[in-house]
Amino acid sequence: MRLKIAPSILSADFSRLGEEIAKVERGGAHLIHVDVMDGCFVPQITIGALVVKSIRPSASLPLDVHLMVRDPENQIEQFLAAGADIISFHIEALSEPSEAIQRIKGEGKKVGIAVNPATPISSLDRFLSRVDLFVLMTVNPGFAGQAFMGSVLPKIASLRKALDERGLKTDIEVDGGINLATAKSAVQAGATILVAGQAIFGSAEDPERATRNLSLHLEAFLKRGKLPP
Ligand code: DX5
Ligand code: ZN
């Protein structure tokens, strides 16, 4: 399956982060999504490079760092040094990101550009062939556990179309309100990476089982021919 599941540790138990990560790894996750918030770009403050550094040795999956911060260019060195494998920043926070893209790529890491629900997809046109992934926010960034905004689905589809027209296989990561139902809609529209916080760490199920369920559910959906392979 080309789809990837990226559990967001924002909804994990921070007193046992290593164990929480091990659970989703056993459940078949593909990436560990790390939500960095600075209290300026978004209202909440979460975690920084020190936490990435401390989970790096125990996590075997790539660490997918989502910077929801003002002036993200000032943070990139710290996250590269801490062991981030993918770094995404918001186009609303850095409108001239050429240097940041080069810096991250130059280190052999993957780079992504994130966009808020209200930001037009045309803001990404200049970067279609220059980054490894686009993060399409399906909630307003800042908090876990919000409802998926279906109004973003046409944006996902039009970005996928623009990428296809150029022969680009760039990942589209959807972030916010992903569960068994919304994951299918997002994938049908063209998403290839699904971030899930509450659906994995906040459900009644164990995070290992919740990860496996999401994966099996999507695989079954693919097999029924409802989605592109
Ligand atoms: C929102 C974060 C998301 C969040 C997703 O600002 O970027 O990654 O953790 O959480 P859920 O899946 O609960 O919406
Ligand atoms: Zn995120």
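These legends go with several close-up views of one predicted model.

The model is predicted, so local features need pLDDT of at least 70 and side-chain atom pairs count only at pLDDT 80 or more, while totals for chains, interfaces and linings use all residues. Residues are numbered from 1 along each chain as its sequence is written, chains are lettered from A and ligands numbered from 1 in the order in which they are written, and side-chain values use heavy atoms, with hydrogens and water left out.

**View 1. The zinc ion (ligand 2) and the residues that hold it.**
Four residues coordinate the zinc ion (ligand 2): His 33 through NE2, Asp 35 through OD, His 66 through ND1 and Asp 175 through OD, at 2.0 to 2.3 Å. Donors here are N, O and S atoms within 2.8 Å of the metal (3.2 Å for Na, K and Ca); water is not among the atoms, so sites may look incomplete. Why is the arrangement octahedral? The 6 donor atoms around the zinc ion subtend angles of 69 to 169°, which makes it so. For six donors, octahedral requires opposite donors over 155 degrees apart and all other angles between 65 and 115. Along the chain, the donors of the zinc ion follow the spacing H-x1-D-x30-H-x108-D. Distant parts of the chain are linked by one pair, Asp 35 in strand E2 (residues 32–37) and His 66 in strand E3 (residues 63–68), 31 residues apart. Helices (H or I, at least four residues) and strands (E, at least two) are DSSP runs, numbered from the N terminus. Asp 35 counts as buried because its relative accessibility is 6%, and His 66 counts as buried at 1%. Buried means under 20% relative accessible area, exposed over 50%, and partly exposed in between (1.4 Å probe, protein chains only).

A polar side-chain atom of Asp 35 is 2.7 Å from an oxygen atom of ligand 1. A backbone N or O atom of Gly 145 is 2.8 Å from an oxygen atom of ligand 1, and for a side-chain N or O atom of His 33 the distance to an oxygen of the ligand is 3.4 Å. On its own, ligand 1 has 380 Å² of accessible area, and the protein covers 99% of that. Such areas come from the Shrake-Rupley method with a 1.4 Å probe; for residues, only the protein chains shown count as cover.

**View 2. Thr 211 in helix H8.**
Helix H8 spans residues 207–223 and includes Thr 211. Is Thr 211 buried or exposed? Thr 211 is buried because its relative accessible area is 0%. Leaving out residues up to four places away in sequence, Thr 211 touches Ile 5, Pro 7, Val 24, Gly 27, Gly 28, Ala 29 and Ile 200. Contact means heavy atoms within 4.5 Å. Ser 215 also lies in helix H8, and Ser 215 is buried, with a relative accessible area of 10%.

**View 3. Two threonines in loops, Thr 138 and Thr 170.**
You can find Thr 138 in the loop between strand E6 (133–137) and H5. With a relative accessible area of 0%, Thr 138 is buried. Among the residues that Thr 138 touches are Phe 148, Val 174 and Asp 175. Thr 170 sits in the loop between helix H5 (153–165) and strand E7 (171–175). Thr 170 is buried at 10% relative accessible area, and its contacts include Leu 128, Phe 134 and Arg 160.

**View 4. Asp 71 and its positive phi.**
Most residues other than glycine have a negative phi. Asp 71 is not a glycine, yet its phi is positive, at about 50°. Asp 71 is in the loop between E3 and helix H3 (76–82), and with a relative accessible area of 38% it is partly exposed.

Definitions and conventions: Four donors count as tetrahedral if all angles lie between 85 and 135 degrees; four count as square planar and six as octahedral if opposite donors are over 155 degrees apart and all others between 65 and 115; anything else is irregular. A polar contact is a pair of N or O atoms within 3.5 Å; within protein, one must be able to donate a hydrogen and the other to accept it, and residues adjacent in sequence count only if both atoms are side-chain atoms.
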